[in-house]
Amino acid sequence: MRATTPDRLPLAGTRDDGPIVLAGLGSRGFCLAPLLAEHLVARMLGRPSPLPRQLSHLVEPGRFDSPVRRYGV
């Protein structure tokens, strides 16, 4: 069993002033963890991230937030 997300991309960041998240690395944890940790530290210190802007949006934890849709309502 691997800790992963539905879109198989990791989570790295915060959500609405909540806890800092670094999760869902799946089988690429050893490769991605150092870079994503640098990304998180840069965000916490208000520094530029080592990730390009297009990639940093892909790992935001809030990307799964959406209004709940039930039975076409």
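Arg 43 counts as partly exposed at 42% relative accessibility, where partly exposed is the range between buried (under 20% relative accessible area) and exposed (over 50%), using a 1.4 Å probe and protein chains only. Arg 43 forms a salt bridge with Glu 60, and their closest N and O atoms are 2.6 Å apart. That pair links distant parts of the chain, with Arg 43 in helix α1 and Glu 60 in the segment after α2, 17 residues apart. This is a predicted model, so local features need pLDDT of at least 70 and side-chain atom pairs count only at pLDDT 80 or more, while totals for chains, interfaces and linings use all residues. Residues are numbered from 1 along each chain as its sequence is written, and side-chain values use heavy atoms, with hydrogens and water left out.

**The overall picture**

- The protein has 2 helices and 2 strands, which are DSSP runs numbered from the N terminus (helices are H or I with at least four residues, strands are E with at least two).
- Read along the sequence, they come in the pattern β-β-α-α.
- Of the 73 residues, 23% count as buried.
- Take the contacts (heavy atoms within 4.5 Å) between residues at least 6 apart in sequence, and 42% of them join residues at least 24 apart.
- The accessible surface comes to about 5900 Å², with 58% of it belonging to carbon and sulfur atoms; such areas come from the Shrake-Rupley method with a 1.4 Å probe, and for residues only the protein chains shown count as cover.

**Helix α1**

- The 17 residues of α1 should span 24 Å, and the end C-alpha atoms are 23 Å apart, which agrees; the expected span is 1.5 Å times one less than the number of residues.
- Gly 29, Leu 36, His 39, Leu 40 and Ala 42 are the buried residues of α1, and they pack against β1, β2 and α2 (53-58).

**Salt bridges**

- The structure holds 2 salt bridges, each defined as a side-chain nitrogen of Lys or Arg within 4 Å of a carboxyl oxygen of Asp or Glu.
- Asp 7 and Arg 63 meet through their side chains in a salt bridge of 2.9 Å, N to O.
- Asp 7 sits in the segment before β1 and Arg 63 in the segment after α2, so this pair ties together parts 56 residues apart in sequence.
- Asp 7 is partly exposed at 34% relative accessibility, and Arg 63 is partly exposed at 24%.

**Around Thr 5**

- Thr 5 belongs to the segment before β1 (11-14) and counts as buried, at 10% relative accessibility.
- The side chains of Thr 5 and Asp 7 are joined by a polar contact of 2.8 Å; that term means a pair of N or O atoms within 3.5 Å, where within protein one must be able to donate a hydrogen and the other to accept it, and residues adjacent in sequence count only if both atoms are side-chain atoms.
- A polar atom of the Thr 5 side chain also lies 2.6 Å from the backbone oxygen of Leu 9.
- Beyond its neighbours within four places in sequence, Thr 5 is in contact with Leu 11, Gly 24, Arg 63 and Phe 64.
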